[in-house]
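Here's a quick briefing to read next to the coordinates. Have the viewer open and click along as you go.

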Amino acid sequence: MNREGNLDLTSLRIFIETAKDCNMTRAAAALGISQPAVSAAIKKIENSLGSPVFDRDRRPIQLTTAGRLL
């Protein structure tokens, strides 16, 4: 998301790929980017929304209510 509240296409692609398997490492490989870049993009989305989109305390990670709505 940017300051106007709009999601940018890159962030959406990263979120969607991560949500497919609930796995940031596989999402990074599928997108051809590093896992830290995936984590940073997800964190940026969460900061913009003001809510986590993944529960990272569980393995595999799980979508939160906000993540399912997104």
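E46 sits in helix α3, and despite being a charged residue by type, E46 is buried, with a relative accessible area of 7%. Bear in mind that this is a predicted model. Setting aside neighbours within four places in sequence, E46 is in contact with S51, P52, V53, F54 and R56. Two of those contacts, V53 and F54, turn up again in the largest nonpolar core.

**The core**

- Twelve residues make up the largest nonpolar core: I14, F15, C22, M24, A28, V38, A41, I42, I45, V53, F54 and I61.
- Helices α1, α2 (24-31) and α3 (35-49) each put in at least two residues of this core.
- Which helix gives the most to this core? That's α3, with four residues.
- I14 is one of the core residues, and beyond its neighbours within four places in sequence, I14 is in contact with L31, I33, V38, A41 and I42.

**T18, a polar residue tucked away**

- T18 is found in helix α1, which covers residues 9-21.
- Is T18 buried or exposed? T18 counts as buried because its relative accessibility is 0%, and the cut-off for that label is under 20%.
- A polar atom of the T18 side chain lies 2.8 Å from the backbone oxygen of I14.
- Leaving out neighbours within four places in sequence, T18 is in contact with N23, M24, A27, V38, I42, F54 and I61.
- Among those contacts of T18 are M24, V38, I42, F54 and I61, which also belong to the largest nonpolar core.

**How α2 meets α3**

- Two packed helices are described by the angle between their axes and the distance between the axes.
- For α2 and α3, the axes come within 8 Å and cross at roughly 110 degrees.
- On the α2 side you'll find M24, T25, A27 and A28, which meet Q35, V38, S39 and I42 in α3.
- The residues of this contact split into five nonpolar, three polar and no charged.

- The side chains of K20 and E17 are joined by a polar contact of 3.1 Å.
- If you want a distance to check, the C-alpha atoms of K20 and Q35 are separated by 15 Å, with the two residues 15 residues apart along the chain.

- Most residues other than glycine have a negative phi, and most peptide bonds are trans.
- Which residue has a positive phi although it is not a glycine? That's C22, at about 50 degrees.
- C22 is found in the loop between α1 and α2.
- With a relative accessibility of 14%, C22 counts as buried, and C22 is also on the list for the largest nonpolar core.
- The peptide bond from R59 to P60 is cis, with omega near -5 degrees.
- P60 lies in the loop between strands β1 (54-55) and β2 (62-63).

Definitions and conventions: Residues numbered from 1 in each chain as written. Predicted model: local features only at pLDDT ≥ 70, side-chain atom pairs only at ≥ 80, totals over all residues. Heavy atoms only, no water. Buried < 20%, exposed > 50% of the residue type's maximum accessible area, 1.4 Å probe, protein only. Polar contact = N/O pair within 3.5 Å; in protein donor to acceptor, adjacent residues only side chain to side chain. Contact = heavy atoms within 4.5 Å. Core = buried A, V, L, I, M, F, W, Y, C linked by side-chain atoms within 4.5 Å. Axes fitted to C-alpha atoms, helices over the stretch in contact; angles between N-to-C directions.
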